Amino acid sequence: MNQDEIFMKEAIRLSKKAVENGNEPFGAVLVRDGQVVYSNENQIYTQNDPTFHAELGLLRRFCSETKITDLSAYTLYSSCEPCFMCCGAMVWTKLGRLCFAASDVDLCEILGAKGAACCDTVFEASGCNTKVSKGILREQSLEILKEYFKNHGKG
């Protein structure tokens, strides 16, 4: 198992934990120099905050607690491709690299929805230099997403 798979496995574990805690199945891990520095799970229901996605919650808390706002030396691992809101936060923090498992196209197919939010669109439009790696442990993430959303609507 390579380093990307190791960190993505943790993001996927957090997506399962989010469900156990009453939220939607999304998890995120922030890494620098091969070490996890922060992690977070989706908390939209338990925090009564529809913006408390795994990625945005992670960035908000990490930057607030550490006073670090330039994340160009960091990689964020997400169990699913981040939405436009979360990608916007990545632009503002100058995230160096984003890795995700399932794509938003995958999620939209599961939900029967149209209009996937591809993060490349946000990064390209902003002139952001964030590098993106896609599909890491995709099938493992898809299993969790399919299981959750067969019994739940998107919040």
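Five strands make up an open sheet of mixed pairing, ordered E2-E1-E3-E4-E5, where two strands count as paired if DSSP finds at least two bridges between them. This is a predicted model, in which local features need pLDDT of at least 70 and side-chain atom pairs count only at pLDDT 80 or more, while totals for chains, interfaces and linings use all residues. Residues are numbered from 1 along each chain as its sequence is written, and side-chain values use heavy atoms, with hydrogens and water left out.

- The edges are formed by strand E2 (35-41) and strand E5 (131-134), each of which pairs on one side only.
- From one strand to the next, the twist averages 20 degrees.
- Strand E1 (residues 27-32) and strand E3 (residues 75-80) run antiparallel and are joined by four bridges, and Val31 stands opposite Thr75 in E3.

**Chain and overall dimensions**

- The chain comprises six helices and five strands, these being DSSP runs numbered from the N terminus (helices: H or I, at least four residues; strands: E, at least two).
- Read from the N terminus, the order of elements is α-β-β-α-β-α-β-α-α-β-α.
- The radius of gyration of the chain is 14 Å, which agrees with the value near 15 Å that a compact globule of 155 residues would have; the radius is taken over C-alpha atoms, and the globule rule is 2.2 Å times the number of residues to the power 0.38.
- Taken along the principal axes, the box filled by the C-alpha atoms is roughly 40 × 35 × 30 Å.

**Helices H2 and H3**

- The axes of helix H2 (residues 54-66) and helix H3 (residues 84-92) come within 8 Å and cross at roughly 30 degrees, axes being lines fitted to C-alpha atoms, for helices over the stretch in contact, with angles from 0 to 180 degrees between N-to-C directions.
- H2 is therefore roughly parallel to H3, a class that takes angles under 35 degrees, whereas over 145 is roughly antiparallel, 65 to 115 roughly perpendicular and the rest oblique.
- Glu55, Leu56 and Leu59 of H2 meet Met85, Cys86, Ala89 and Met90 of H3, contact meaning heavy atoms within 4.5 Å.

**Helices H1 and H6**

- Helix H1 (residues 3-20) packs with helix H6 (residues 138-149) at an angle of about 15 degrees, the axes being 10 Å apart.
- H1 is therefore roughly parallel to H6.
- H1 contributes Ile12, Ser15, Lys16 and Val19 to the contact, and H6 contributes Gln140, Ser141, Ile144 and Tyr148.
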